[in-house]
Amino acid sequence: MLAVALLLATLAAPPETPATPAQPFVHAAAALGGASLDELAKQLQNPISDLVSVPFQNNFNGGGAAGLGAAYNLNFQPVIPIELTGSWNLIVRPIVPYYSLPLPNGERSTGLGEIIVETFFSPSKASPFVLGIGPAFSFPTATNDAVATGCFAAGPVIAAVYMEGPWVVGALFTQLDAFARMGSAHLDTSSLQVFLNYNLPKAWSIGTAPTFMVNWNLVGQQWTVPVGASIAKTLSIAKQPISLSFSYYANVVHPEGGSPWLTRLVVTFMFPK
């Protein structure tokens, strides 16, 4: 009788679900700190989100004074959110630039530029509209004489972001003005980055994020005005979320000798909670 009971219990048990083979490209929220790749893509487009990210931004500028030799700039700019209270976050974004610039004699000038640290105080409560504001600082750390200013500078930085459905729209304004100098140079610049992103299925996105810049110390044309677009894809490799993006901008207005175009490749590693 015991054998018959065991046989009946076995037949009544539901069949086991076959194991799903491991996938090298994961699109599961469980592997990404509770967020899907589509959600991470939108968070990354918000410069004041509470997502830890480490971007490597590769910029190639051609034409102008560079001629046929493209100027190269690598920006290492991690985003570090710090929870201050239950209601407020501090977002710290250092920007460490490296330059390789062509010289008239055919050689290149290489080395670090001035390190900039942007800080934002931002509400931690989730909302379609987010505002962050704080101070920005520039330090005379350049080892590349072609881009060295020798200035300590500071000023305000303000970010405003609106996220609704597939859209991420916003602006980031930074003003830097020298308050201490170790030479004759004086740093006085303003920049406004306007970004408009539309998120597509499967963690693809298209958009534009031009940075309008003005150097108040230049004589003549002080503005740089780019027009262009970008495409990005967020994916996961061995459970590590990564974003890859490509952008092209034509500088329709630029100072004399400035570059008429910019190509940008960005690789970003994300570390969700």
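**Note on the predicted model: rings, strands, charges and core**

1. Ring pairs link three phenylalanines, Phe56, Phe76 and Phe269, into a cluster. Rings of Phe, Tyr and Trp (its six-membered ring) pair if their centres lie within 6.5 Å; planes under 30 degrees apart count as stacked, over 60 as edge-to-face and the rest as tilted. The model is a predicted one, in which local features need pLDDT of at least 70 and side-chain atom pairs count only at pLDDT 80 or more, while totals for chains, interfaces and linings use all residues. Residues are numbered from 1 along each chain as its sequence is written, and side-chain values use heavy atoms, with hydrogens and water left out.

2. Strand S15 (residues 261-271) pairs with two strands named here. With strand S1 (residues 52-62) the sense is antiparallel, over 11 bridges. Val54 has Phe269 of S15 as its bridge partner, and Phe269 also belongs to the phenylalanine cluster. Strand S14 (residues 240-253) also runs antiparallel to S15, and 9 bridges join them. Here Phe246 stands opposite Leu265 in S15. Two strands pair if DSSP finds at least two bridges between them; the strands (E, at least two residues) and helices (H or I, at least four) are DSSP runs, numbered from the N terminus.

3. How many aromatic pairs does a search of the whole structure find? The search finds 7. One of them is edge-to-face, because the rings of Trp167 and Tyr198 have their planes at 65°, with centres 4.8 Å apart. The pair links distant parts of the chain, with Trp167 in strand S9 (residues 167-181) and Tyr198 in strand S10 (residues 188-200), 31 residues apart. Trp167 counts as partly exposed at 38% relative accessibility, and Tyr198 counts as partly exposed at 31%. Buried means under 20% relative accessible area, exposed over 50%, and partly exposed in between (1.4 Å probe, protein chains only).

4. Trp216 and Trp223 form another aromatic pair that is edge-to-face, at 6.3 Å centre to centre and with 80° between the planes. Both tryptophans are partly exposed: the relative accessible area is 41% for Trp216 and 38% for Trp223.

5. Which residue forms a salt bridge with Asp50? The partner is Lys273, and the closest N and O atoms are 3.5 Å apart. A salt bridge is a side-chain nitrogen of Lys or Arg within 4 Å of a carboxyl oxygen of Asp or Glu; by this rule the count comes to 2. Lys273 is in the segment after S15 and Asp50 in the loop between helix H2 (37-44) and S1, so that this pair links distant parts of the chain, 223 residues apart. Lys273 counts as exposed at 70% relative accessibility, whereas Asp50 is partly exposed at 34%.

6. Arg93 forms a salt bridge with Glu118, and the closest N and O atoms are 2.8 Å apart. Arg93 lies in strand S4 (residues 88-102) and Glu118 in strand S6 (residues 115-123), so the pair ties together parts that are 25 residues apart in sequence. Are these two residues buried or exposed? Arg93 is buried, with a relative accessible area of 12%, and Glu118 counts as buried at 5% relative accessibility.

7. The largest nonpolar core has 21 residues, of which Ile48, Phe120, Val161 and Leu187 touch the most other members. Such a core is a set of buried Ala, Val, Leu, Ile, Met, Phe, Trp, Tyr and Cys residues joined through side-chain atoms within 4.5 Å. Strand S7 (129-139), strand S8 (151-164) and S9 each supply at least two residues of this core. S8 gives the most, with 6 residues.

8. Where neighbours within four places in sequence are left aside, the residues in contact with Val161 include Ile48, Phe129, Val130, Val168, Val169 and Phe195. Contact means heavy atoms within 4.5 Å. Among the other residues in contact with Val161 are Asn46, Pro47, Pro128 and Gly170.

9. Ala203 is not a glycine but has a positive phi of about 65°. Ala203 sits in the loop between S10 and strand S11 (204-208) and is buried, with a relative accessible area of 2%. Ala238, also not a glycine, has a positive phi of about 55°. Ala238 lies in the loop between strand S13 (223-237) and S14 and is exposed, with a relative accessible area of 66%.
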